[in-house]
Amino acid sequence: MTLKIIQAINTRNRLHRRFTKKKTSENSETYRKQRNLDTSLKRSSLKSCCINVSTNSEHPGEFWKKFHRLLPSKDRGNSHVQLIKDGRLITDSADIANLLNDYFINAVPTPASHMPNTQPEELKTYPSVVSIGQKLERQTSFSFTPVQDSYIKRILSTIKINKATGADGISPRLLKLAGPRIFSSLTKLINQCIVSGSWPTDWKTSIVSPIYKKGTETLKSNYCPVSVLSAVSKVAERVIFDQLYEFSLDFLSGNLSGFLKGHSCTTALLKTFEDIRKKVDSSEHSAAITIDLSKALTLSIMICFLQSCQLMV
């Protein structure tokens with residue numbers, strides 16, 4: 001925001017106060033002109049900023065990082081959530097928290113009550129299960145291993161400081177700044193968790209916030225939970241993830257694009273396009289099955305679907 005725009009906004013606010021005190025046609029016209037001038041200046045500045053961002057960005061990621069700040073926020077003011085239950089409007093914070101908590105807990109059915117009537121022997125014959133089993137036979141046994149101080153120090157140096165603070169009150173910024181002093185102690189703590197196979201209770205505690213998705217804002221089904229965990233626990237999670245990731249790469253399906261380095265929606269679309277192109281060139285038919293994942297999806301639902309279609313490949 002430039003100085004010229006700030007001055008225009010201040011002038012607009014001053015003229016608006018004058019018009020509120022004395023509602024004459026002259027004051028109304030003066031305020032209207034200043035308001036239009038203010039809007040025109042902001043639009044011109046936004047246009048110039050968009051042009052500058054698009055021309056001076058070296059890659060799409062850099063462009064999106066700069067442009068994302070110009071987009072309107074999706075925050076609907078979750079601190080003022082109001083819900084309707086049994087035709088009654090609920091505004092008390094404690095009642096709303098309990099209502100949403102019960103909904104989030106029971107929104108996803110337990111796997112035991114919704115698992116398909118499939119015996120383990122039958123699942124062993126699915127092509128994907130057979131393929132994974134064959135690849136696992138070539139793998140050595142897996143176990144988590146303790147890490148070095150330098151490894152934890154490197155993780156601490158790459159923490160994103162703009163993330164939210166967990167229930168322990170330790171912000172990512174504080175953890176990153178204290179990294180050079182605490183990395184050795186934190187390494188001992190994480191290694192103790194790996195050796196003992198335990199996880200501190202405080203690391204399991206999270207701050208759960210209801211995030212509005214779409215539809216009527218007074219319906220609890222239109223909110224999804226977002227949990228903010230401890231920043232320290234995320235460092236330990238990174239250690240666990242890296243070791244599991246390296247071990248799993250050799251036997252994961254080549255069709256996977258999610259949560260893999262060097263893969264994205266672009267690689268998935270490119271593969272889909274290439275598969276369709278090959279079928280068209282061979283005068284064969286192509287078909288696609290899409291699944292709406294906007295709601296919570298359990299493993300049992302996916303197994304039921306794949307079992308009915310016999311598509312466990």
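The protein has 14 helices and 4 strands. Helices (H or I, at least four residues) and strands (E, at least two) are DSSP runs, numbered from the N terminus. The model is predicted: local features need pLDDT of at least 70, side-chain atom pairs count only at pLDDT 80 or more, and totals for chains, interfaces and linings use all residues. Residues are numbered from 1 along each chain as its sequence is written, and side-chain values use heavy atoms, with hydrogens and water left out.

Of the 313 residues in the protein, 21% are buried. Buried means under 20% relative accessible area, exposed means over 50%, and partly exposed lies in between (1.4 Å probe, protein chains only).

Side chains of opposite charge can pair when their charged atoms come close. The whole structure holds 8 salt bridges. A salt bridge places a side-chain nitrogen of Lys or Arg within 4 Å of a carboxyl oxygen of Asp or Glu. One of them pairs Arg12 with Asp38, with the closest N and O atoms 2.7 Å apart. This pair links distant parts of the chain: Arg12 lies in helix 1 and Asp38 in helix 2 (residues 25-56), 26 residues apart. Asp38 is buried, at a relative accessible area of 1%.

A salt bridge also joins Arg32 to Glu29, with the closest N and O atoms 2.5 Å apart. About one helical turn separates Arg32 and Glu29, because they are 3 residues apart in helix 2. Arg32 is partly exposed, at 35% relative accessibility. Glu29 is partly exposed too, with a relative accessible area of 32%.

Lys279 and Glu284 form another salt bridge (3.2 Å, N to O). Salt bridges that share partners also join Arg12, Asp38 and Lys42 into one network.
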